[in-house]
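Thank you all for making the time this morning. I would like to talk through one model with you, moving from the ligand to the strands and then to the aromatic rings.

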Amino acid sequence: MKIMPNRLDRGFFLYQEEFEKKALEVLRSGWYILGEEVALFEKEFAAFLGSNCCVGVASGLDALWIAFRALGIGRGDEVIVQGNTYIASVMGITINGATPVFVEPDEYFNIDAAQIEEKITEKTKAILVVHLYGQASNMEEITALAKKYNLRLVEDCAQSHGAKFRGKMTGTFGDIGCFSFYPSKNLGAFGDAGAIVTDDPELEKKVRIFRNYGSEKRYYNCVIGANSRLDELQAGLLRVRLLHIHELEQERKRICSRYLKEIKNNKIELPRIRDGATHVWHQFVVKTRRRNDLIEYLNTREIGTIIHYPIPPHLAKAYEYLGMKKGSLPITEAYADTVVSLPLYNGMTEQEQNIVIEAMNHF
Ligand SMILES: *Cc1c(COP(=O)(O)O)cnc(C)c1O
């Protein structure tokens, strides 16, 4: 049996009737951009997080760069971010002209809080925390540092919908939380979508105006904004998925508990969970020094895998101008050379899980 790294169709079929009903409802409504579905989704998602305000935007990347724009962070400013993130986190910083300053990750794949302080300069304006693979970062130390140095705190929650640190939702610790609802994310739409959450009504207003050409009132444009709106169809479908987010999270947790308990192979290092953090398992990422062999072996058994991510942002061609050489972030680079993500998706059958576990143990 062929097992793909991800199966988005399964997530659709889990709630097919509800998705189809909502899609027809929106299509028949005659209202497709910034309407009732978006307003309701913003309210419901903010309530889910325990945040004051949510503003829907067109993607996770837009959420990030618009967040920094709203905070007034740009040319000449530095933003601290972990080296081993998806490149969108870094683009959110550099689109505004600001400079990313990379910090190495800890053993949980998140920013190593103990290495942040030495990177703070008088140009540092913010820390961007990425809750990578679905696990909450060490928010106690990070929020303390942000406070001590009067830095803005932005969270990239594109992989961490519902993950908590000491009972508090990721996305609610800093000034702004940025979410992506790209179809493969834990709360996925059926196209591109994203959101910004904040407790600050001033920031909310700025983002709300910015996403719609810089206008609060139609045709009265007060700033040069963007077209970054969440559409009604995506918002409606996201509302359906949000109703089931707890079940979806539990299902991923069940699958990953099996992986953690049943995969026993001393060539494979399984992921760990930090004290006080929860993990919503966007990805199940293992490390192995024999990665090529493992991937090849799984391929012969028709099991697909993905590497998140093979080239760290500081070594991407796009960031050549930063002048960072191979070897400048050894832990980040070692992770890029050894990580691999196992198949994981809502609607994964027990038989599919068995096949993955068995192959991992036989490798
Ligand atoms: C997916 C992702 C993004 C970007 O989201 P898009 O909706 O694809 O623009 C940003 N950061 C991280 C960590 C992501 O995984």
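Predicted model: local features only at pLDDT ≥ 70, side-chain atom pairs only at ≥ 80, totals over all residues.

Let me begin with D156, where a polar side-chain atom lies 2.7 Å from a nitrogen atom of the ligand, a polar contact being a pair of N or O atoms within 3.5 Å, with the further conditions that within protein one atom must be able to donate a hydrogen and the other to accept it, and that residues adjacent in sequence count only if both atoms are side-chain atoms. Residues are numbered from 1 along each chain as its sequence is written, and side-chain values use heavy atoms, with hydrogens and water left out.

Staying with the ligand, an N or O atom in the side chain of S180 is 2.6 Å from one of its oxygen atoms, and a polar side-chain atom of K185 lies 2.7 Å from an oxygen atom of the ligand. In total, 13 residues surround the ligand, with G60, D156, Q159, S180 and K185 the closest; a residue is counted here if one of its heavy atoms lies within 4 Å of the molecule.

Which residue stands opposite D156 of β5? The residue is V130, and that takes us to the strands, which, like the helices, are DSSP runs numbered from the N terminus (helices are H or I with at least four residues, strands are E with at least two). Two strands pair if DSSP finds at least two bridges between them. Strand β4, residues 124–130, is joined to β5, residues 152–156, by five bridges, and the two run parallel; I127 has L153 of β5 as its bridge partner.

On its part, β5 is joined by three bridges to the parallel strand β8, residues 176–180, where I176 is the bridge partner of V154.

How covered are these strands? In β4, six of the seven residues are buried, and in β5 four of the five are, where buried means under 20% relative accessible area, exposed over 50%, and partly exposed in between, using a 1.4 Å probe and protein chains only.

Finally, the rings. The structure holds 18 aromatic pairs, a pair being rings of Phe, Tyr or Trp (its six-membered ring) with centres within 6.5 Å, stacked if the planes are under 30 degrees apart, edge-to-face if over 60, and tilted for the rest. W65 and F210 are edge-to-face, because their ring centres are 5.6 Å apart and their planes stand at 80 degrees. This pair links distant parts of the chain, 145 residues apart, with W65 in helix α4, residues 60–70, and F210 in helix α7, residues 201–210. W65 counts as buried at 14% relative accessibility, and F210 is buried with a relative accessible area of 9%.
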